[in-house]
Every structure is written in structure tokens, then in C-alpha cells.
Amino acid sequence: MPPLLRQVLTRLVALIPMLIALSIASFALVHVIPGDPALVMLGGEGTPQQVAELRKQLGLDRPLPVRYWEWLTRVARGDLGESLYNRTRITDELVWRFPTTLALVCLSLLISVVVGVPAGLLSAVFRNSWVDHAARLLTLVSLSMPSFWLGLMLIILFSLKLNLLPVVGYTSVVTDLWSGLRFLILPSCALGTYLTALLARLVRSSVLEVLGQDYVRTARAKGLHERVVLFRHALRNALIPAVTVMGINLGILLGGSAVIETMFVLPGVGQLVITALYNRDLPVIQGLILYISVLYVLINLAVDLLYTYLDPRLRLG
Amino acid sequence: MAPAMSEASSIPIPLPPTALERLGRAWRKIGRNRLSLIGSLIIMSLVLVALAAPFLDLASPVKLNISSRFLPPGSGHWFGTDQLGRDVLSRVVYGARVSLTASLLTMLAAGLTGVSLGIVAGVGTARVSGVIMRLMDLLMSFPPLLLAVAVAAALGTGTRSIIIALSVVYLPRIVRVTRGIALTVVAQEYIVAAQALGSPRWRLVLRTVLPNCLSVVVVQLSLYFAEVLLAEAALSFLGLGEPPPTPTWGNILHDSQKYIRNAPWIAIFPGCAIALSVLGLNLFGDAVRDAMDPRLRT
């Protein structure tokens, strides 16, 4: 078996206990949330008898392990259950909302790579020049602003003062890509700024480190063009840690998307989580937390493997 | 008799710098860094203003005054007034009390538990360490802000839930860092030497392992502090923190959303306060990191 394939398989097997633990944790988390879901469904009013009946109907009167097992077997078949609030099937809701969140996260990631990597590279190449100082100051400020506040400021500037972009509202990227993207520009900028700054900072320090290595001196000594040295020798090696940082911070994007979606009223998965929390909609919270954390674990695994692929030194271990 | 003893003990033995000496050296280095000075000045002035809030000549942060709604920033109200006629400056200053306290308590709670668990995982048996680290892996496998939102929702709204929620998020990160350092410290020769001299285990941990871990952990904590402050603002922005009318930076921003078209100042100032304090902490944290651990320098 080729070593890379074996590594993938080992990691996938190692994931199984983690996934079981995750499912137990998501299930348990919801059962400590105060507020009886049956009471919530009846709108807070209802005779004790009605509440008891509804509890029975929802299966809330049975022991926890039994309910966990039933829930797990349904989830394994791709059925996350129904919302207590409006009776929609959670899986359908997820399928409908996922493209929005995916588009938002991908666009933020794109912005952070397109802006952050060149900024870091420039900063390193022109170390201690005014370019470097300006980039570092901007980085520091960007790391200090809350994303949702930046979103508000962007709305004030681009939507209210300059009338360039819509304030809120949404067209799905699935039905109409271009007008959908127009609604996503401000949210993605707000969400992506933090990661952009993080990347710029990281690329700067790792390019600086790589530029001091012997192989860069060798490359220069044998008369290679500075551009080739920078892009083929320095940047390629400097980007390896950047990939890890992006992987780790996808979690920040996923969590942050909940805040940004709520603020910009975007119908994404994150907004659904927050609405479900307000409504004490147990099955939805349960299903979404499990779904998002499984996604998160898988992304991290993918990033780890990509890392091994990019850095041949890690393949031997 | 006495002179002979002093002669024997006066043979110079080069000792490695103690944790305290290193801390002192790092402290002087931090003092020389201009950016860290700016950072600490920002933090200190914010903390001072927050502490002194009741003694400053500020309007009440909660008292309604319908006749002076939506006043733009001016001489009477430097930061303007909000939808209920409350002074925004006063709300931002009083908001600092809640937001800064919540973040500080989170760092204390997560720091104390995290460092203790990390050290136990670093010096304990394989089984103890395994159990602790698998639990931490589990906590780490949730996206951070989402975990905080879920925990805060489970506990009900309020500052207390936010503190617990954010502590849960940062606990595994602190445990990992501490354990990593504790493992390298335990492998050092001076620990082996102390063991060989028959020093009891608990003494070894408290007197040698802990102080040597602390210097590195403190660096990490100062950088987490800035993140916690941002996360605290996000949670209270989502409505999970202190309920109104008590002002927090997050909940002022939440309320300001509806009025950004006509009264953008309600949104601008609390955000500046958050950004300024996070900037201060970041400047300070970076300087501490550079001074303590040259390997981490960026």
C-alpha cells in the first residue's frame, strides 16, 4: 500500500471514536439547555396534561440512552429530524441553506488569500520599508476589530453613504450567481479581514525565515532571477505553514459566519443555529452542532493530509 | 572550621538563570519596546476609566431621556445619544466595566484550570494524561465560537454564562500549550538531578516544573486575552450576555444596528472601544512574546 494511502486510512479509522464522542457531546449539550421544549412548543401556555401528552409524543419521557440511540440511527441514515418550531425537516433546511454559508466562507477565504499572501510577501521583501510598516500597522488594526462591527462600518460606508451595495437582502447564489455575490461582498469582507491579517503576518514571518536559508542563497548564487528565487524557492516553502493556519482558522470562519449571517440577515447555516438557540429548538441545535463539528473535523483532517502532501519531509514519518 | 566550609562552597558553579531571573530580564526587555509601552498605556487608561466611571461626571448610562433622542456627537454629549436618549459615552464607559471584567475573569478561570490540568497531563501517568488530552481533543473539535454560543445558550443569558462558555473554549488550548512545555521541562537535566537528590514529586512539580512552564504560558495567555475580548463582544452582540439595560460593548452594538442609517455614532464608538482595547492587548502580548521567547518572534 502506498504510504500516503495508508496514512489516509489510518487517520480515517482514528476518526471513528472521535465522531462517536462528538455525537454524544452534541446530544448531551442540548439536554442541559434549560426550558422544556414541550412547554416552548405550546407557547408557554397549556395545561400540565397537554404538556405531558406532547412530551410523550416527542419522546421526551423516555430514558436518555434510548433517545440517543434512536437519534443516532436516524442521523446515520441522513435524517436529522424535524424542527420543533416550524416542523420543517432539518436535512432539507440544511441542504437549502448550505450553499449560502459555503459561498460566504469560500469568498472570505479567497479574499484572505488574494490580499493576505501578497501583503505578507511584500512586507517581507521590503522589510522595514514604509510598505512593511504600513502593512504591519494595517494587520495589527485588522486583528483588533470585531468582524460584526467591521460589517456595520462597511454598511454605513458602502451602502448608506456611497450607495454602492445593497444593505441587506439576499438572492441565492444558486439561482442567480452575480446578484447573489453582490449581497455577499460586504459580509465576506467583514468575515475575511481577520484571516487576511493573520495570513499576512504569517507569510511575512515565514518568508523572512525562508529567505535566510542556505538553499535560497544557493539559488541566488547560481544566478537565478530574483523573481524565480522568491516565487519558486521562498514563497512555496513559506506557504506550507500558511495552509495549516488556514485549516485551523476555518473553524473561526464557520463560527464567525453565524455572527455575520445573523447581522446581514443571510439565510445560511450559521443564522439557523442562532435562530434555533433563540427558539430553544432542540432537534435543530442538536443536528446542526453535530453537522458543523463533523464538517470541521473532516476539514481539519483534509488540511493535515494536504500538509503532508505539500511537505515531502513529513511523508516519511 | 568555618573558613574551610566557606571555601568549599565558594567554588563557582554556573547556574542556569532561574525562572524569576528570566522573568525579570524579559520584563526589562518589554519596558524597552515602544509598542508594548503604547499597548500597556492603552490598557491602563481603559482600565482606569472603567474603574473610575462612577466618579467621573457622566450622565447615567441607563436613565431614559426621550426629549434628547438621537443627538449627534457634540459638546453636550461627546459620543451623541442613543434611541432612548442615553449618553453613548457613558454607556461605552460603563460597558467597559462589564466587558473587561468578563474577559479578565475568563482568562483567570481558564488559565488556572488549564495550567493545572496541563501540568498534571505533563507529569502524570500515561493513563491520566491520556484521559485529559482526549477530553481536550473533543472540546477542540467544535468550532470555537459555536461551542461558546452553545454553552452560553445552555446556561442561559448573562455575564456568568459567557465567562463559563469562553473558559470552556480556551481551556483545551491552554492545557495543550502547558502540557507541551511541561513535557520538555520534565525531560531537562535539572529535573533528573532534582529527582536523583530525592526531592519529593509534588515539590518538584510546584518548585521546578510550574515556574518554568509559567513564563511561556503567560505569553500565550496575554495573546488569548485579546481573542477572548473579541469573542465576549461577539457573544453579547448575539444577545447571550448581560441583558439590557446594563450596557456592554456587544449589546450596545446589537441595539445600534436598527439605527445605523440615521444615528451611526451609536455603532461607531463602542466598536472603537473594543478595537482599541484589543489593539492594546495585542501590542502588549506581541511584545511579551518577543521578549520571553525569541523563537516565536514574527
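# A tour of chains A and B

Start with chain A: of its contacts with a separation of 6 or more, 70% are between residues 24 or more positions apart. The model is predicted. The C-alpha trace of chain A spans about 85 × 60 × 35 Å along its principal axes. Of its 317 residues, 45% count as buried.

**Stop 1: Ser188(A)**

Select Ser188(A), which is in helix α8 of chain A. Is Ser188(A) buried or exposed? With a relative accessibility of 0%, under the 20% cut-off, Ser188(A) counts as buried. Show its side chain next: the side chain reaches the backbone oxygen of Leu184(A) at 2.5 Å. Then extend the selection to what surrounds Ser188(A). Apart from neighbours within four places in sequence, Ser188(A) is in contact with Leu104(A), Leu107(A), Ser108(A) and Ile111(A).

**Stop 2: aromatic rings**

Now display Phe, Tyr and Trp side chains in both chains. How many aromatic pairs does a search of the whole structure find? Over all chains, the search finds seven aromatic pairs. One of them joins Phe98(A) and Tyr291(A), an edge-to-face pair at 6.2 Å centre to centre with 90 degrees between the planes. This pair links distant parts of the chain, with Phe98(A) in helix α5 (residues 90-125) and Tyr291(A) in helix α12 (residues 282-310) of chain A, 193 residues apart. Phe98(A) has 25% relative accessibility and counts as partly exposed. Tyr291(A), at 26%, also counts as partly exposed.

Move to chain B and select Phe79(B) and Phe269(B). Why is this pair stacked? The ring centres of Phe79(B) and Phe269(B) lie 4.0 Å apart and the planes are at 10 degrees, so the pair counts as stacked; the cut-off for stacking is under 30 degrees. Distant parts of the chain are linked here too: Phe79(B) is in the loop between α3 (34-52) and α4 (88-123) of chain B, and Phe269(B) is in helix α11 (residues 265-292) of chain B, 190 residues apart. With a relative accessible area of 21%, Phe79(B) is partly exposed.

Return to chain A for Phe27(A), Tyr68(A) and Trp71(A), which ring pairs link into a cluster. For a charge over a ring, select Arg173(B), which lies over the face of Tyr170(B) at 5.9 Å from the ring centre.

**Stop 3: the interface**

Show both chains together and select the residues in contact. Chain A gives 44 residues to the contact and chain B gives 40 residues. The area buried between the chains is about 3500 Å², and carbon and sulfur atoms give 79% of that area. Which residues of chain A lose the most area to chain B? They are Ser144(A), Phe148(A) and Trp149(A), together 16% of what that side buries.

One salt bridge is found between chain A and chain B. Select Arg201(A) and Asp286(B), which form a salt bridge with their closest N and O atoms 2.7 Å apart.

To finish, colour the chain A side by helix. The elements giving two or more residues to this side include α1 (3-30), α6 (130-144), α7 (147-161) and α8 (177-211) of chain A. The largest share, seven residues, comes from α7(A).

Key
Residues are numbered from 1 along each chain as its sequence is written. Chains are lettered from A and ligands numbered from 1 in the order in which they are written. This is a predicted model: local features need pLDDT of at least 70, side-chain atom pairs count only at pLDDT 80 or more; totals for chains, interfaces and linings use all residues. Side-chain values use heavy atoms; hydrogens and water are left out. Rings of Phe, Tyr and Trp (its six-membered ring) pair if their centres lie within 6.5 Å; planes under 30 degrees apart count as stacked, over 60 as edge-to-face and the rest as tilted. Helices (H or I, at least four residues) and strands (E, at least two) are DSSP runs, numbered from the N terminus. Buried means under 20% relative accessible area, exposed over 50%, partly exposed in between (1.4 Å probe, protein chains only). A charge sits over a ring if NZ of Lys or CZ of Arg is within 6 Å of the ring centre and within 35 degrees of the ring normal. Contact means heavy atoms within 4.5 Å. Buried area is the accessible area (1.4 Å probe) that two parts lose on being put together, summed over both. A salt bridge is a side-chain nitrogen of Lys or Arg within 4 Å of a carboxyl oxygen of Asp or Glu. A polar contact is a pair of N or O atoms within 3.5 Å; within protein, one must be able to donate a hydrogen and the other to accept it, and residues adjacent in sequence count only if both atoms are side-chain atoms.
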